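The entries follow the order in which I looked things up.

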Amino acid sequence: MPSRPDSSFQTTRARLVTASDPDAVRQGLLELVARPPLSGLPEDRRGIAELVLAEVLNNIVEHAYSTGSGDIEITVEERPGGIGFLVVDDGAAMPDGPPPGMLPAGLGGDLDHLPEGGFGWHLIRSLTVDLSYTRKNNRNVLSFLISEDQTGSEDSMT
């Protein structure tokens, strides 16, 4: 299912609804990065936004919709202090509530023995502020901000 851009977006806000399919998500991400407000960001901040959003969307496809499919709603807008993101899906809830975002255990060893996963939430937390996950009306609701002076910061999720 191709992504469906909202024709009412303004230069400071973009909204996209995309299928929970890896190809549709990839195309939707390219569309969002190519239009305001993300297209107007300096390259380094745009790269941070793209990386974080790609990780969030990948988590939704792999985990929230692991046994089915559905839509993912993404809203990106300029806010005081940065660019705000709201990502909503109808997939499965996070099984243990918000993930802790800590690095996986056992990172001091040989590169061949590093865990395959477990880095995503640490990355998301490190590159965003005001990160919040809730489950509302059987929907996952994730919001976060990429700040104007983003250099990576730790923030607790509510």
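Entry 1. I listed the buried residues of helix 2 in this predicted model. They are Arg45, Ile48, Ala49, Val52, Leu53, Glu55, Val56, Leu57, Asn59, Ile60, Val61 and Ala64. I note that the list includes Arg45, Glu55 and Asn59. Residues three or four places apart on an α-helix point the same way, because there are 3.6 residues a turn.

Entry 2. I then looked up the dimensions of helix 2. It runs over residues 43-64, which is 22 residues. From first C-alpha to last it reaches 30 Å, close to the 32 Å expected at 1.5 Å a residue.

Entry 3. Which elements cover the buried residues of helix 2? I found that the cover includes helix 1 (22-33) and helix 3 (120-127). It also includes strand 3 (71-79), strand 4 (82-89) and strand 6 (139-147).

Entry 4. I took up the pair formed by helix 1 and helix 2. Their axes come within 11 Å and cross at roughly 155°. Helix 1 is therefore roughly antiparallel to helix 2, the angle being over 145 degrees. The crossing of helix 1 past helix 2 is right-handed. On the helix 1 side, I recorded Pro22, Val25, Leu29, Leu32 and Val33 as making the contact. Helix 2 contributes Arg46, Glu50, Leu53, Ala54, Leu57 and Val61. Of these, Leu53, Leu57 and Val61 are also among the buried residues of helix 2.

Entry 5. I next examined Ser20, which lies in the loop between strand 2 (13-19) and helix 1. Its relative accessibility is 8%, and Ser20 therefore counts as buried, the limit being under 20%. Leaving aside neighbours within four places in sequence, I recorded contacts of Ser20 with Val61, Tyr65, Gly68, Ser69, Gly70 and Ile72. One of these, Val61, is in the list of buried residues of helix 2.

Entry 6. Finally, I looked up the chain as a whole. It has 3 helices and 6 strands, in the order β-β-α-α-β-β-α-β-β. Of its 158 residues, 42% count as buried. Among contacts between residues at least 6 apart in sequence, 63% join residues at least 24 apart. The accessible surface is about 8,500 Å², with 53% belonging to carbon and sulfur atoms.

Key: Residues numbered from 1 in each chain as written. Predicted model: local features only at pLDDT ≥ 70, side-chain atom pairs only at ≥ 80, totals over all residues. Heavy atoms only, no water. Helix = DSSP H or I, 4+ residues; strand = E, 2+ residues; numbered from the N terminus. Buried < 20%, exposed > 50% of the residue type's maximum accessible area, 1.4 Å probe, protein only. Contact = heavy atoms within 4.5 Å. Areas by Shrake-Rupley, 256 points an atom, 1.4 Å probe, with all protein chains shown as cover. Expected span 1.5 Å × (residues − 1). Axes fitted to C-alpha atoms, helices over the stretch in contact; angles between N-to-C directions. Parallel < 35°, antiparallel > 145°, perpendicular 65-115°, else oblique. Left-handed = near helix turned anticlockwise from the far one by under 90°.
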